[in-house]
Amino acid sequence: MRNMMAGVFVLILSFANIAIAQEEHVAIFKNVSGNVKIIRDKSDIVPVAGTQLMKSDVIVSGPNSSGGIVFKDGTLLTVGSSTEIEINRYVFQPEKAKYDFSLYLRKGEAIYSSGKLGKLSPESISVNTPRATVGVRGTRFIVKVD
């Protein structure tokens, strides 16, 4: 009986960890070209198509490299060559009317194309750079930081 209870407890903890990980998942890589990495919790991950992104991930691309990212709401982000971008915040909960999306582009270039979040709550989106903040009111733009 004790072994069975311990097994059930381990199973419950496993499912809880999976649920927590799924809640943090905010986007996936649609494609990757060249030398791209994700920095997560001081570890480097080499993404491939289908790799999940979490809040606070930093995406770094090398020269002549790029990556296409699709967020849960359908927002598209193309990370250009020699770019470093961090996902600061991402909340997309239309059933609770909770929205928040903030990226920090430290260097390089990115193309942003709004998904549902941009239509439902454009004021909740910001792209920050070392010198400026872009408030999203349109649906598509290119931002470059030298």
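The protein has a mean pLDDT of 86, and 82% of its residues reach 70 or more; pLDDT is the predictor's confidence in each residue, on a scale from 0 to 100. Over residues 5-22 the pLDDT is below 50, and beyond near neighbours in sequence this stretch has two contacts in the model, a contact meaning heavy atoms within 4.5 Å. Where pLDDT is low, the predicted coordinates should not be read in detail. This is a predicted model, in which local features need pLDDT of at least 70 and side-chain atom pairs count only at pLDDT 80 or more, while totals for chains, interfaces and linings use all residues. Residues are numbered from 1 along each chain as its sequence is written, and side-chain values use heavy atoms, with hydrogens and water left out.

Strands here are DSSP runs (E, at least two residues), numbered from the N terminus. Apart from its neighbours within four places in sequence, Ile59 is in contact with residues including Phe29, Leu53, Ile69, Val79 and Ile87.

Aromatic rings form a further set of links. Rings of Phe, Tyr and Trp (its six-membered ring) pair if their centres lie within 6.5 Å; planes under 30 degrees apart count as stacked, over 60 as edge-to-face and the rest as tilted. By this rule there are six aromatic pairs, and ring pairs join Phe71, Tyr90, Phe101, Tyr112 and Phe141 into a cluster.

Strand β9 also contains Ser102, which counts as buried because its relative accessibility is 1%. The side chain of Ser102 makes a polar contact with the side chain of Asn128 at 3.3 Å. A polar contact is a pair of N or O atoms within 3.5 Å; within protein, one must be able to donate a hydrogen and the other to accept it, and residues adjacent in sequence count only if both atoms are side-chain atoms.

Charged side chains supply five salt bridges, each a side-chain nitrogen of Lys or Arg within 4 Å of a carboxyl oxygen of Asp or Glu. One of them joins Glu84 and Arg106 (2.6 Å, N to O); this pair links strand β8 to strand β9 across 22 residues of sequence. Arg106 also meets Glu86 in a salt bridge (3.9 Å, N to O), so that Glu84, Glu86 and Arg106 are linked in a network. Arg106 is partly exposed, with a relative accessible area of 34%. Another salt bridge joins Arg89 and Asp100 (2.7 Å, N to O). Arg89 lies in β8 and Asp100 in β9, so this pair ties together parts that are eleven residues apart in sequence.

Two loop residues remain. Most residues other than glycine have a negative phi. Lys42, in the loop between β2 and β3 (43-45), has a positive phi of about 65 degrees and is exposed at 86% relative accessibility. Ala97, in the loop between β8 and β9, has a positive phi near 55 degrees and is exposed at 55% relative accessibility.

Notes:
Helices (H or I, at least four residues) and strands (E, at least two) are DSSP runs, numbered from the N terminus. Buried means under 20% relative accessible area, exposed over 50%, partly exposed in between (1.4 Å probe, protein chains only).
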